[in-house]
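Okay, thanks everyone for coming.

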Amino acid sequence: MPRSEHTPPARFPLLRVGDRGAQVQQIHRRLDRLGFGPGDVDDEYRPALRAAVWAFQKANGLPATDQIDPRTWRALSRPARLKPLVPYGEPTRVEIDLRRQLLTAWKDGRPALVSHISTGNGEHYCKKGHCGVAVTPTGDFRAWYRTPGWTSGPLGDQFYTIYFNQGIGFHGSERVPRHPASHGCIRVPLHNAKALYDMTPIGTPVHVRRPEAPERSKSSERPVSPASPASPGRDTDRPKTL
C-alpha cells in the first residue's frame, strides 16, 4: 500500500544538505503545505529547504539542525499546532518570536508563512559612522514604510524591506544564521522575503515578543496586553535606517 505524504517512511533516512531524491521532494511538499516556505519544490536539499526545516523544528520544540532526523520525520507526520503570540490580535498580522527566532505571518486568522529569522544580537556596533546597540525591541507596531527589491544602507544590503519601528524592519538577507546576528532588524531568508512583502501592506500590525521558555511554570506566564500599535505612516515618509 503506498504511503501518503503525511506518513513517515518505515525507516527514517537521515537527510542532509546536498542530498537528492524523492524523499527530499516529499519534505519540500509537506513543508510547503504546512506554510514553512521551503522555496521551489525540488528533489535536492538546498539552503532554502534547510531554513524551512529549521523553522519547522523550532516550531515543534526540536533543536534546529541541518539534518532531517527521525524526530523531525515523526513531527512532520503529526506537527504541533502553532499557537499565536497574540491570541486576540487582528486576523492579518505579523508575529515575531525573539526566543525561538521565528516569524509568523497570519492571514485571516491562519498562519500563512512561518519563517526562520535572525534578530539583534545585543552587541555594541560601529559601522560607517553609525554606532548603537543591536537590539530588536519588543512591542506592538504597524508596518509604515516598504521598499521593494534590493536597497543599500550604512549597515548593509536589504531585500524587500518592511519597516515597522522607525528604522527597524524585516527584510531578506543572504546571511540568516541560527543565532541572533543582526543590528536590530529581522533578517529573513531571501526566498521568503518577496512573499512576506506581498502579504504585509502598510498598516499591518507587527507584534514582537520574547515568550518565556517552556520549562517555566505556566503559573508564571502573564497575559499579553492588548496591542496599542503606533499610527501607520505614509509610503512617502522615508525611515532613518539604523
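So, what is the order of the strands in the open sheet of 4 strands? The order is β7-β8-β9-β10, and the pairing is mixed. Edge strands here are β7 (145-153) and β10 (186-189), each of which pairs on one side only. On average, neighbouring strands of this sheet are turned by 30° against each other, direction ignored.

Some housekeeping before I go further. This is a predicted model, where local features need pLDDT of at least 70 and side-chain atom pairs count only at pLDDT 80 or more, while totals for chains, interfaces and linings use all residues. Residues are numbered from 1 along each chain as its sequence is written, and side-chain values use heavy atoms, with hydrogens and water left out.

My helices (H or I, at least four residues) and strands (E, at least two) are DSSP runs, numbered from the N terminus. Two strands pair if DSSP finds at least two bridges between them. For the angles, axes are lines fitted to C-alpha atoms, for helices over the stretch in contact, and the values run from 0 to 180 degrees between N-to-C directions.

With that said, the chain has 4 helices and 11 strands. Of its 242 residues, 45% count as buried; buried is under 20% relative accessible area, exposed is over 50%, and partly exposed is in between, with a 1.4 Å probe and protein chains only. Contact, when I say it, means heavy atoms within 4.5 Å. Among contacts in the chain with a separation of 6 or more, 56% come from residues 24 or more positions apart.

β7 runs antiparallel to β8 (residues 156-165), and 7 bridges join the two. They form a hairpin with 2 residues between them.

Now look at helix α4 (residues 190-198). Which of its residues are buried? That would be Asn192, Ala193, Leu196 and Tyr197. They sit on the same side of α4, because they cover an arc of only 135° around the axis, the arc being that of the directions from the helix axis to the C-beta atoms.

β6 pairs with β11 (residues 205-209) in the antiparallel sense over 4 bridges, and Asp140 stands opposite His207 in β11.

Staying with the helices: how far apart are the axes of α1 (residues 22-34) and α2 (residues 47-59)? They are 11 Å apart, and the helices pack at an angle of about 55°. That makes α1 oblique to α2, given that under 35 degrees counts as roughly parallel, over 145 as roughly antiparallel, 65 to 115 as roughly perpendicular and the rest as oblique. On the α1 side we have Val24, Ile27, His28, Leu31 and Leu34, and they meet Leu49, Ala52, Val53 and Phe56 in α2.

One more residue in α2, namely Gln57. Buried or exposed, and with what relative accessible area? Gln57 is buried, at 1%. Leaving out residues up to four places away in sequence, Gln57 touches Leu62, Pro63, Ala64, Thr65, Gln67 and Thr72.

Gln67 lies in the loop between α2 and α3 (70-77). It is partly exposed, with a relative accessible area of 28%. Beyond its neighbours within four places in sequence, the contacts of Gln67 include Leu14, Leu15, Arg16 and Tyr45.

Last stop, the hairpin of β4 and β5. Strands β4 (residues 124-127) and β5 (residues 130-133) pair in the antiparallel sense over 4 bridges, and Cys126 stands opposite Cys131 in β5. There are 2 residues between the strands, and Lys128 takes a positive phi near 55°.
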